[in-house]
Amino acid sequence: EDGAFALIYLPGNPVVKLDLSKLKGKPKAVWIDPRSGERHPAALGAEMKTPGEGDWLLLLQTAR
């Protein structure tokens with residue numbers, strides 16, 4: 001609601017296109033493996049590819 005974060009679930013989808021205009025500031029991106037909870041840093045872009053096969057979460061978060 002305040003544009004501070006977004007959490008995107010990608011069920012087996014290796015690429016996501018993002019409209020970053022609603023997020024405030026420059027968000028940091030992190031891939032989260034929902035099977036293990038392991039986090040992987042991500043380079044933020046308008047089109048992003050998951051770091052591996054299977055389901056992934058993409059967390060976009062700005063500093064508060």
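The legends below describe views of a predicted model.

**Figure 1. Overall fold of the predicted protein model.** The protein has zero helices and six strands, and its pattern along the sequence reads β-β-β-β-β-β. Its radius of gyration is 11 Å, close to the 11 Å from the globule rule for 64 residues, so the protein is as compact as a globular protein of that length. The C-alpha trace spans about 30 × 20 × 20 Å along the principal axes. Of the 64 residues, 30% are buried. Among contacts between residues at least 6 apart in sequence, 63% join residues at least 24 apart.

**Figure 2. The open sheet of four strands.** The strand order is S1-S6-S3-S4, and the pairing is antiparallel. Strand S1 (5-10) and strand S4 (39-42) stand at the edges; each has a single partner strand, so one side of each is left without a neighbour in the sheet. On average, neighbouring strands of this sheet are turned by 25° against each other, with direction ignored.

**Figure 3. Pairing of strand S3 with strand S6.** Strand S3 covers residues 28-32 and strand S6 covers residues 56-61. The two strands pair in the antiparallel sense over five bridges. Lysine 28 stands opposite glutamine 61 in S6.

**Figure 4. The hairpin of S3 and S4.** These strands run antiparallel and are joined by four bridges. Isoleucine 32 stands opposite arginine 39 in S4. Six residues lie between the strands of the hairpin, where glycine 37 takes a positive phi near 85°.

**Figure 5. The largest nonpolar core.** In soluble globular proteins, nonpolar side chains tend to be buried together. The largest core in this model has 11 residues: Leu10, Val16, Leu18, Leu23, Ala29, Trp31, Ala42, Met48, Trp56, Leu58 and Leu60. The elements that give two or more residues to this core are S3 and S6. S6 gives the most, with three residues.

Figure 6. Leaving aside residues up to four places away in sequence, leucine 23 touches Gly3, Phe5, Ala6 and Leu60.

**Figure 7. Threonine 50 in the loop between strand S5 (47-49) and S6.** Threonine 50 has a relative accessible area of 7% and is therefore buried, the cut-off being under 20%. The side chain of threonine 50 reaches the backbone oxygen of glycine 52 at 3.0 Å. Not counting residues up to four places away in sequence, threonine 50 touches Leu10, Asn13, Pro14, Trp31 and Trp56.

**Figure 8. Asparagine 13 in the loop between S1 and strand S2 (15-17).** Asparagine 13 has a relative accessible area of 35% and is partly exposed, because that class lies between the buried limit of 20% and the exposed limit of 50%.

Methods
Residues are numbered from 1 along each chain as its sequence is written. This is a predicted model: local features need pLDDT of at least 70, side-chain atom pairs count only at pLDDT 80 or more; totals for chains, interfaces and linings use all residues. Side-chain values use heavy atoms; hydrogens and water are left out. Two strands pair if DSSP finds at least two bridges between them. Axes are lines fitted to C-alpha atoms, for helices over the stretch in contact, and angles run from 0 to 180 degrees between N-to-C directions. A nonpolar core is a set of buried Ala, Val, Leu, Ile, Met, Phe, Trp, Tyr and Cys residues joined through side-chain atoms within 4.5 Å. Buried means under 20% relative accessible area, exposed over 50%, partly exposed in between (1.4 Å probe, protein chains only). Contact means heavy atoms within 4.5 Å. A polar contact is a pair of N or O atoms within 3.5 Å; within protein, one must be able to donate a hydrogen and the other to accept it, and residues adjacent in sequence count only if both atoms are side-chain atoms. The radius of gyration is taken over C-alpha atoms; the globule rule is 2.2 Å times the number of residues to the power 0.38.
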